[in-house]
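User: I'd like to go through this one with you. Can you start with how the terms are set?

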Amino acid sequence: MLNQTSVTAFLLLGVTDIQALQPYLFVVFLAIYVVIVVGNGAVLLVVVSDPRLHLPMYFFLGNLSCLDICYSTVTLPKMLENFFSTHKAISFLGCITQLHFFHFLGSTEAMLLAVMAFDRFVAICRPLHYSVIMNYQLCTQMAVTVWTIGFFHALLHSMMTSRLNFCGSHQIHHFFCDVKPLLELACGNTELNQWLLNTVTGTIAMGPFFLTLLSYFTIIISLFSKTHSCSALHKALSTCASHFMVVIVFYAPVVFTYISLASGSSMQDQVAAIMYTVVTPMLNPLIYTLRNKDVKAALNRIFRRRDDLSIFRAHF
């Protein structure tokens, strides 16, 4: 990524310039970050350590938890640092690196949610063939594929953005480096970058979203045509409820940010960015643990083993 400009740093102005609010915001976002790391870390630990959860659904859930920890780590630590920083600077290389990992992890999560919807489609609509279709090899291949596509999608943006010429103000009216705010600071022709953002990123975001909706539409049609018992229908749909809630919480602000024509530094864009970079990773483990009996049971087994071990050590 060759930088053709003399820019060495940008200034991240953050979510607010009101000094009195910044200590309170620091406490709020620090608490959220702790919840994200602990909550998703607990889900990841349970999925890896409990043999009963070594199933495709939980394999992808483990990937999602890992993504959420990394995704929030791309933006939140720098945001927390800037609450008490006087200069709020980020180096050019640091900015491009943050942009890269933000799009890498964000696009990977979008595609992973579609893969998880496909898993639920096979489980409900093809239950007798589920173990054959969703075998270990296919699950691994799908996971590797979405991570790889996400990486190269982000690499495209980071390379193209790093080659722009920047003039005038170097102040980014955002709490992290993203393509849209940087395009506002660039001088010269940015039509190709804008096209890539609208077309490639739009496809990466909206393609999996429509595939997810298609999976759930097919699931609902299949259930209504095959299931005549309300209790059986409710039980089948409840297995999808957690994932569908995550999809809505994640995609609603993403669609607003990358489909709207608003500037990347508008307050609406910043609120939307907080939703999918901060709020969604915090809610994911809560949604899956509160609504998923298997995960709750696995967590209880882990705590029970820890308590038994403590009692055993106390006796000796």
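Analyst: Helices are DSSP runs of H or I with at least four residues, strands are runs of E with at least two, and both are numbered from the N terminus. This is a predicted model, where local features need pLDDT of at least 70, side-chain atom pairs count only at pLDDT 80 or more, and totals for chains, interfaces and linings use all residues. Residues are numbered from 1 along each chain as its sequence is written.

User: What is the helix and strand content of residues 138-156?

Analyst: Residues 138-156 are 100% helix and 0% strand, with end C-alpha atoms 27 Å apart. UniProt, in an unreviewed entry, lists 138-156 among its "transmembrane region" features; positions follow the numbering used here, feature names are shortened, and annotations may be inferred rather than shown by experiment.

User: And where are the end C-alpha atoms of residues 30-48?

Analyst: They lie 27 Å apart, and that span is also 100% helix and 0% strand.

User: Which residues of α1 are buried?

Analyst: Among them are Phe 29, Ile 32, Tyr 33 and Asn 40, where buried means under 20% relative accessible area with a 1.4 Å probe, protein chains only.

User: New topic. Which residues lie nearest the centre of the second largest pocket?

Analyst: His 54, Leu 55, Pro 56, Phe 59 and Tyr 136, out of 14 lining residues. A pocket is an open set of points on a 1 Å grid over the protein atoms alone, where a 1.4 Å probe fits, with protein on both sides within 12 Å along at least five of seven lines; lining residues have an atom within 4 Å of a point.

User: Which helix gives the largest share of that lining?

Analyst: α2, with 4 residues.

Conventions
Heavy atoms only, no water. Buried < 20%, exposed > 50% of the residue type's maximum accessible area, 1.4 Å probe, protein only.
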